[in-house]
Amino acid sequence: MNLVWKLLRQHISIPQFAGFFFANLVGMTIILLGLQFYTDTQAIYQSEDSFMKADYLIINKRIGSLTTITGKSSAFTLPEVQDLDQQEFVERVGLFTSSAYDVKATFKLDEGTSFSTEMFFESVPDEFVDVKSDDWGYQQGSHEVPIILPRNYLDLYNFGYAQSRNMPKLSEGILSAIRLKIDLAGQGMRDEYEGRIVGFSSRLNTILVPQQFMDWANEYYAGTKTVAPTRLIVEVNNPTDDRITSYLQDNDYETDQDKLDASKQTFLLRIIVAIVMGVGLVISILSFYILMLSVYLLVEKNSTKLENLLLIGYSPTKVSMPYQLLTIGLNVLVLAIAIVAMLAVRNVYLEMFESFFPDFETPSITTTLLAGVCLLGVVSILNVIAIKSKVMSIWKRKD
Amino acid sequence: MKEIVLEHTLPKVFVQVKDLQSEVWNQTVTFEKERLYLVEANSGTGKSSLCSYIFGYRKDYEGRILFDGADIARFKTSQWVKIRQKSLSLLWQELRLFPELTAMENVDIKNKLTGQQTKQQIETWFEQLGIADRMHAKIGRMSFGQQQRVALIRALCQPFDFIFVDEPISHLDDTNSRIVGELLTAEAKRQGAGVIVTSIGKHIELNYDKVLKL
């Protein structure tokens, strides 16, 4: 192969290959960085609330003085839900189900201290709750119920109660380990359950239990399956859609506006990252084009040599190989340097992230690496095919 | 491969030519192993075309060319690669050497592919042909006569059933021509191969089994 390479490296244009190399490096780095930046920022949004995607809106009817006086129901009727479901900006709608029975919860912090409070439960369809299915569910007959608490309950304790009594502040982790005693009562029955806190949500100002449990408990303790929902959970395809705001206004509905803003931010971020990655992709495609042009030119300039090699018994595969290895080598080198560059830039912004968000957990770079390797694979396969077909055209030229 | 048969083979450019007188074109000709053929030709009678048809890199002919009864027009790339490595050797009139490589490298590039000859054998041939001192010179800096001898050595660096030599001694003196003839026949005999020599005038003096006028 050495002699063949000695022959075929003639006419290799260093400036052309350097041009490809740097252009592809820039493109690849932008793509990888865009992807990794997106993954990292997603982690920030998700760390705020791991149970609900930012695209979900929670909608309720506006409660004004008139509602209270007239006693007009704040529950949604079936036609109202159907109407919302048919809006173009809506992907799917879920109903909040409220408990129709009495709930009393007791937190036991230590032997002497415990909180006890009257509460209520709510549930939304499971597909809106982003918890592993093992953790989120209920087996009938079991006395253990998974629950998601509002994060401000924790804040209320940490910054209110614990502060005033000089008690230790609790982290989410510790609190998750604490069992909650729950008493359910209704229709003359009273049972004790154990609540297992699977997480905290800043999006939902309610105590969430699995839909299965709610359906069963409503029937068992209240003899009813359906309670008219006062809140709806809605997945929208584009949170920045103006039609959402106008629809809500027209129907006198409310939503958690700041969350709408947050989801707007993620949406915008997603678009920006997509644009940046698109630019990277365009640069990469152009650099791929430069590479293919250089290789074609090279093959053209060395066509007599290639033809002679084929005539003295070299196979097209063997003759193509030096150029294929050259391009694959360049591609691998580009990917390696792009990964290093991406990691270097990432280190800079991760430091900033960590100073803003102390709880920030660094996401893995596996997806980005995988994407890089896939891109490398696709580009290399295209290179290999293009070079082989170019050599085959020399083979066939004498037809 | 035991025989090569030309079955009414005719270059397409000759189709219009009336009263074509040839013992090869548009005839049935059989080349057999272990025999020596001389194809004599005038300029422009398609001598190099014949070589390129048989070697599979030109197809502008009518009729058929058969290797052991198989029509070569249907051969696939991989079959041709195998034939060029193991069954057919060709010394081109235009030599097709690589000017960037030395004489030895030009031979090596073929011999490394086939593994046919020992380094020692190749060096002996260089000596016998009187170009041992030019072994490591770039081909581009050698005379055409010297290049012809290098091309011959390269052509011998593979197993073959037939060897075609297209005007092998056009630029050689009588002594070297004789040596070329000896090397060629000795190696062909060793391998039990058929030899087809073409010439437009001066040709190697050998005991040809058959002389064909193209």
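Biologist: Is Phe14(B) buried, exposed or partly exposed, and why?
Modeller: Phe14(B) counts as partly exposed because it has 16 C-beta neighbours inside 10 Å. A residue is buried with 20 or more other C-beta atoms within 10 Å of its own, exposed with 12 or fewer, and partly exposed in between, the C-beta atoms being placed from the backbone. This is a predicted model, in which local features need pLDDT of at least 70 and side-chain atom pairs count only at pLDDT 80 or more, while totals for chains, interfaces and linings use all residues. Residues are numbered from 1 along each chain as its sequence is written, and chains are lettered from A and ligands numbered from 1 in the order in which they are written.

Biologist: Where is Phe14(B) found?
Modeller: In the loop between strand E1 (3–11) and E2 of chain B. Helices (H or I, at least four residues) and strands (E, at least two) are DSSP runs, numbered from the N terminus.

Biologist: And what is Phe14(B) in contact with?
Modeller: Leaving aside neighbours within four places in sequence, Phe14(B) contacts Leu20(B), Trp25(B) and Gly46(B). Contact means that the C-beta atoms, placed from the backbone, lie within 7 Å.

Biologist: Which sheet has E1 and E2 of chain B in it?
Modeller: An open sheet of four strands, in the order E2-E1-E4-E5 (chain B), with antiparallel pairing. Strands pair if DSSP finds at least two bridges between them. E2 and strand E5 (70–71) of chain B stand at the edges with a single partner strand each, so one side of each has no neighbour in the sheet.

Biologist: How many bridges join E1(B) to E2(B)?
Modeller: Five, and the two strands run antiparallel. Glu3(B) has Glu32(B) as its bridge partner in E2(B).

Biologist: Next topic. Which way do the residues of E6(B) point?
Modeller: Leu88(B) and Leu90(B) point one way, Ser89(B) and Leu91(B) the other, and all are buried. E6(B) pairs with strand E7 (residues 162–166) of chain B in the parallel sense, over four bridges. Leu91(B) stands opposite Val165(B) in E7(B).

Biologist: Which residues touch the most other members of the largest nonpolar core?
Modeller: Val150(B), Ile153(B), Phe162(B), Ile163(B), Phe164(B), Val195(B) and Ile196(B), in a core of 79 residues. A nonpolar core is a set of buried Ala, Val, Leu, Ile, Met, Phe, Trp, Tyr and Cys residues joined through C-beta atoms within 7 Å. Apart from it lies another core, of 38 residues, including Tyr56(A) and Leu184(A).

Biologist: How many residues does each chain give to the contact?
Modeller: Chain B gives 20 residues and chain A gives 16 residues. On the side of chain B that touches chain A, the largest share, seven residues, comes from H3(B).

Biologist: Last one: what should helix H12 of chain A span?
Modeller: At 1.5 Å a residue, its 31 residues (366–396) should span 45 Å, and the end C-alpha atoms are 44 Å apart, which agrees. The expected span is 1.5 Å times one less than the number of residues.

How values were computed. Contact = placed C-beta atoms within 7 Å.
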